[in-house]
Amino acid sequence: LSHEEDAIASRVFAHLDNAGLSPKRSDNNVWVTLGAPDDRGPNLLLNSHLDVVPPSTDHPYPPFEGRVVDGAVYGRGTVDAKASGTAMLRTLLELHAEGWSPAAGSVTVALTACEEVGGDYNGLQRTRPLLPPPDAALVGEPTELQPCVSQKGLLILKAHARGKTAHAARAHLGENALYMAARDLQRIAFMRFERGDPHLGYPTISATRIEGGTANNVIPDHCTFVLD
């Protein structure tokens with residue numbers, strides 16, 4: 001899971017080290033380079049992420065035990081994004097075994113942490129200053145081998161509805177923050193954006209978390225919800 005990538009980072013580092021390469025690591029971010037990085041390039045970056053999101057309750061197989069069924073691997077993170085990371089590492093290892101090196105510039109594979117969560121820490125952002133300056137990058141994600149040239153940005157909003165507390169038997173003396181939040185969420189559910197992108201379509205906004213209330217018999221004076 002995000003922030004818990006130490007074991008997989010150590011495994012990737014050891015695998016590359018045993019193959020005779022010279023991997024580098026910062027926190028739980030691991031990268032390796034073939035060639036001679038040059039400010040004049042061309043330097044190619046292949047990047048994917050090590051972390052996964054928590055498993056859903058209806059996962060068809062034990063989520064962290066990798067199972068092969070009808071030629072496909074089932075497990076949390078097998079597609080997003082161990083498949084991309086494996087393909088990138090395998091390619092670099094085979095090129096290294098063949099003695100190949102770029103005639104100019106470099107190829108770097110960087111497998112980074114904390115890509116599945118928003119927050120102050122982002123693996124690629126933290127590692128970027130340590131990598132050869134890329135002239136081009138290929139980011140591995142589950143796109144069914146279709147190259148994508150654009151990606152939606154992300155904005156996380158934490159909204160606060162503030163009311164007034166009261167005993168539930170005298171609800172008229174308070175202002176219920178849950179109802180205030182519900183009214184706002186109902187409006188958000190029907191929001192439509194006026195501007196779209198030719199590749200990505202229109203932006204979306206979704207409520208993903210809500211918290212409020214302290215006791216069964218108290219009118220809540222505060223409710224928070226998160227918008228993605």
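The model is a predicted one. When neighbours within four places in sequence are left aside, the contacts of valine 12 are with Val30, Leu50, Leu89 and Leu111.

An open sheet of 3 strands is present, with the order β8-β12-β10 and antiparallel pairing. Its edge strands, β8 (157-162) and β10 (207-212), each pair on one side only. On average, and with direction ignored, neighbouring strands of the sheet are turned by 15 degrees against each other. The antiparallel pairing of β8 with β12 (residues 222-227) extends over 6 bridges. Within this part of the sheet, alanine 159 stands opposite phenylalanine 225 of β12. Helix α4 (residues 177-189) lies across β8, β10 and β12, and its direction is at about 25 degrees to β12.

Asparagine 28 is located in the loop between β1 (24-26) and β2. Asparagine 28 counts as buried because its relative accessible area is 16%, under the limit of 20%. Its side chain forms a polar contact of 2.8 Å with the side chain of arginine 25. Beyond its neighbours within four places in sequence, asparagine 28 is in contact with Glu5, Asp6, Ala9, Leu50, Leu111 and Ala113.

Histidine 59 is found in the loop between β3 (43-49) and β4 (67-69). A polar atom of the histidine 59 side chain lies 2.9 Å from the backbone oxygen of tyrosine 61. With neighbours within four places in sequence set aside, histidine 59 is in contact with Gly75 and Arg76.

Two residues of helix α2 are described next. Alanine 81 lies in this helix and is joined to aspartate 80 by a cis peptide bond, with omega about 10 degrees. Alanine 87 also belongs to α2. With a relative accessible area of 43%, alanine 87 is partly exposed. The C-alpha atom of alanine 87 is separated by 9.1 Å from that of glycine 140, although the two residues are 53 residues apart along the chain.

Positive phi values occur in residues other than glycine at aspartate 70 and leucine 145. Aspartate 70 is placed in the loop between β4 and β5 (72-74), and its phi is near 50 degrees. The relative accessible area of aspartate 70 is 81%, so this residue is classed as exposed, the limit being over 50%. Leucine 145 lies in the loop between β7 (136-139) and β8, with phi near 65 degrees. Leucine 145 is likewise exposed, its relative accessible area being 83%.

Terms used:
Residues numbered from 1 in each chain as written. Predicted model: local features only at pLDDT ≥ 70, side-chain atom pairs only at ≥ 80, totals over all residues. Heavy atoms only, no water. Pairing = 2+ DSSP bridges. Helix = DSSP H or I, 4+ residues; strand = E, 2+ residues; numbered from the N terminus. Axes fitted to C-alpha atoms, helices over the stretch in contact; angles between N-to-C directions. Contact = heavy atoms within 4.5 Å. Buried < 20%, exposed > 50% of the residue type's maximum accessible area, 1.4 Å probe, protein only. Polar contact = N/O pair within 3.5 Å; in protein donor to acceptor, adjacent residues only side chain to side chain.
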